Amino acid sequence: MKPRRRFLGGAILLLAAVAAAAVATAPPELVNEADVPAITADLDRGRASRERDAARAGDIIPDTEKRLRWHAGRHGSRTHLSVVYLHGVSATRQEIAPVAERVADVLGANLFETRLAGHGYARDPLSGVRAEDWLDDAAEALTVGAAVGER
């Protein structure tokens with residue numbers, strides 16, 4: 001057998017083994033329906049009760065909580081636009097502050113900054129968090145954004 005054919009045969013066997021391993025170890029399918037809690041009329045007060053991992057609330061680093069910032073201090077006034085800020089993995093809203101606030105100010109928009117589940121903790125951040133938790137948080141944030149702005 002020629003070396004090239006032997007190499008090609010080995011490569012095909014390796015690829016088949018990797019594909020079989022990938023199929024055998026595939027993660028469970030994500031649920032595509034987010035669990036979005038009802039948004040109360042008083043969004044500021046309701047926000048605190050929606051913190052998913054409230055049992056660890058005493059461990060949250062100060063100022064990493066979810067925050068609803070009403071444009072120009074007009075509490076409860078819906079704006080034409082709203083801005084929703086979703087931070088990155090292992091980050092918090094403070095990572096790029098005050099960028100989100102400035103964007104909202106320039107747009108004349110209300111701003112909702114979420115805290116994804118497992119983030120903003122002094123001890124054991126991200127422990128016990130599932131992708132579905134972040135999907136729920138993102139859906140909640142978009143629901144709040146729709147409640148405080150027309151677009």
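This is a predicted model: local features need pLDDT of at least 70, side-chain atom pairs count only at pLDDT 80 or more; totals for chains, interfaces and linings use all residues.
Biologist: Which side chain does R130 meet in a salt bridge?

Modeller: R130 meets the side chain of D133, with 3.4 Å from N to O. D133 is buried, at a relative accessible area of 14%.

Biologist: How many salt bridges are there in total?

Modeller: The count comes to seven.

Biologist: What does K66 pair with?

Modeller: K66 forms a salt bridge with E140, and their closest N and O atoms are 2.6 Å apart. This pair links distant parts of the chain: K66 sits in the loop between α2 (43-49) and β1 (67-69), while E140 belongs to helix α4 (residues 131-148), 74 residues apart.

Biologist: And are those two buried or exposed?

Modeller: K66 is buried, with a relative accessible area of 3%. E140 is buried as well, at 0% relative accessibility.

Biologist: Let us turn to E113. Which residue does E113 meet in a salt bridge?

Modeller: The partner of E113 is R67, at 2.7 Å from N to O.

Biologist: How accessible are E113 and R67?

Modeller: E113 is buried, with a relative accessible area of 1%, whereas R67 is partly exposed at 25%.

Biologist: Which residues are linked with R67 in a network of salt bridges?

Modeller: R67 is linked in a network with R93, E101 and E113.

Biologist: E101 brings us to helix α3. Which residues of α3 are buried?

Modeller: In α3 (residues 99-107), the buried residues are A100, E101 and A104. They lie on the same side of α3, because they cover an arc of only 100 degrees around the axis.

Biologist: What is on the other side of α3?

Modeller: R102 and V106 are there, and both are exposed.

Biologist: What covers the buried residues of α3?

Modeller: The cover includes strands β1, β2 (82-85) and β3.

Biologist: Finally, what follows α3?

Modeller: G108 follows α3, and its phi is positive, near 65 degrees.

Note on methods: Residues are numbered from 1 along each chain as its sequence is written. Side-chain values use heavy atoms; hydrogens and water are left out. A salt bridge is a side-chain nitrogen of Lys or Arg within 4 Å of a carboxyl oxygen of Asp or Glu. Helices (H or I, at least four residues) and strands (E, at least two) are DSSP runs, numbered from the N terminus. Buried means under 20% relative accessible area, exposed over 50%, partly exposed in between (1.4 Å probe, protein chains only). The arc is that of the directions from the helix axis to the C-beta atoms. Contact means heavy atoms within 4.5 Å.
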